[in-house]
Amino acid sequence: MGLVKHLVGGPAVVWVLASVWRGIELPYGFYGTAIVTGLRSKALDAGLVAEVQAVSAVVAEVRAEGQGRPLVGEGAARAGLLAVARHALDALRAPTA
């Protein structure tokens, strides 16, 4: 079985991961429990586990930061969340010297 873990932010994390991995902003949300599994493998490789954990952390941070800010439109909030997640994953994927 693949990685089964309670993700902080639940459906938001799944939506961000799916959007970033597919390279588009998905026009629909996710509800309920989600399981992230590796393709034809018993477990996710360390890189994918790190990506799931990074996006989970980013969603939690953005939610915490947004608690004290004025509301923005839904489209702007989604775009901002995706931008922060992409930045985090780009940093994670960057080659180390």
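## The end of α1 and Gly-23

Helix α1 is followed by Gly-23, a residue whose phi is positive, near 80 degrees; helices here are DSSP runs of H or I with at least four residues, strands are runs of E with at least two, and both are numbered from the N terminus. The model is a predicted one, in which local features need a pLDDT of at least 70 and side-chain atom pairs count only at pLDDT 80 or more, while totals for chains, interfaces and linings use all residues. Residues are numbered from 1 along each chain as its sequence is written, and side-chain values use heavy atoms, with hydrogens and water left out.

## Overall make-up and confidence

The protein chain holds three helices and zero strands, and from the N terminus on its elements run α-α-α. Of its 97 residues, 30% are buried, where buried means under 20% relative accessible area, exposed means over 50%, and partly exposed lies in between, with a 1.4 Å probe and protein chains only. The chain exposes about 6,600 Å², of which carbon and sulfur atoms supply 60%; accessible areas come from the Shrake-Rupley method with a 1.4 Å probe, and for residues only the protein chains shown count as cover. Among contacts with a separation of 6 or more, 71% are between residues 24 or more positions apart, a contact being heavy atoms within 4.5 Å.

The mean pLDDT of the chain is 82, and 89% of the residues score at least 70; pLDDT is the predictor's confidence in each residue, from 0 to 100. Where pLDDT is low, the predicted coordinates should not be read in detail.

## Helix α1

With 12 residues, α1 reaches 16 Å from its first C-alpha to its last, close to the 16 Å expected at 1.5 Å a residue; the expected span of a helix is 1.5 Å times one less than its number of residues. Nine of the 12 residues of α1 are buried, so this helix is largely enclosed by the rest of the structure. The buried residues run from Ala-12, Val-13, Val-14 and Trp-15 through Val-16, Leu-17 and Ala-18 to Ser-19 and Val-20, and the buried residues of α1 pack against α2 and α3.

## Helix α2 and Val-55

Helix α2 has 21 residues, and its first and last C-alpha atoms lie 30 Å apart, close to the 30 Å expected at 1.5 Å a residue. Its buried residues are Glu-51, Val-52, Ala-54, Val-55, Ser-56, Val-58 and Val-59, and what covers them includes α1 and α3.

Val-55, which lies in α2, counts as buried at 0% relative accessibility. Leaving aside neighbours within four places in sequence, Val-55 is in contact with Val-13, Val-16, Leu-17, Ala-85 and Leu-89.

## Helix α3

Helix α3 covers residues 74-93, and its 20 residues should span 28 Å at 1.5 Å a residue, which agrees with the 28 Å between its end C-alpha atoms. The buried residues of α3 are Leu-81, Leu-82, Ala-85, Ala-88 and Leu-89. They cover an arc of only 125 degrees around the axis, which puts them on the same side of α3, the arc being that of the directions from the helix axis to the C-beta atoms. These buried residues pack against α1 (11-22) and α2 (46-66), whereas the face turned away from the buried side carries the exposed residues His-87 and Ala-91.

Two further residues of α3 are Arg-86 and Ala-79. Arg-86 is partly exposed, with a relative accessible area of 34%, and its C-alpha is separated by 9.5 Å from that of Trp-21, 65 residues apart along the chain. Ala-79 is also partly exposed, at 40% relative accessibility; Ala-79 and Glu-25 are 54 residues apart in sequence and 8.2 Å apart in space, C-alpha to C-alpha.

## The aromatic pair

A search of the whole structure finds one aromatic pair. The rings of Tyr-28 and Phe-30 have centres 5.7 Å apart and planes at 65 degrees, so the pair is edge-to-face; rings of Phe, Tyr and Trp (its six-membered ring) pair if their centres lie within 6.5 Å, and planes under 30 degrees apart count as stacked, over 60 as edge-to-face and the rest as tilted. Tyr-28 is partly exposed, with a relative accessible area of 40%, and Phe-30 likewise counts as partly exposed, at 28%.
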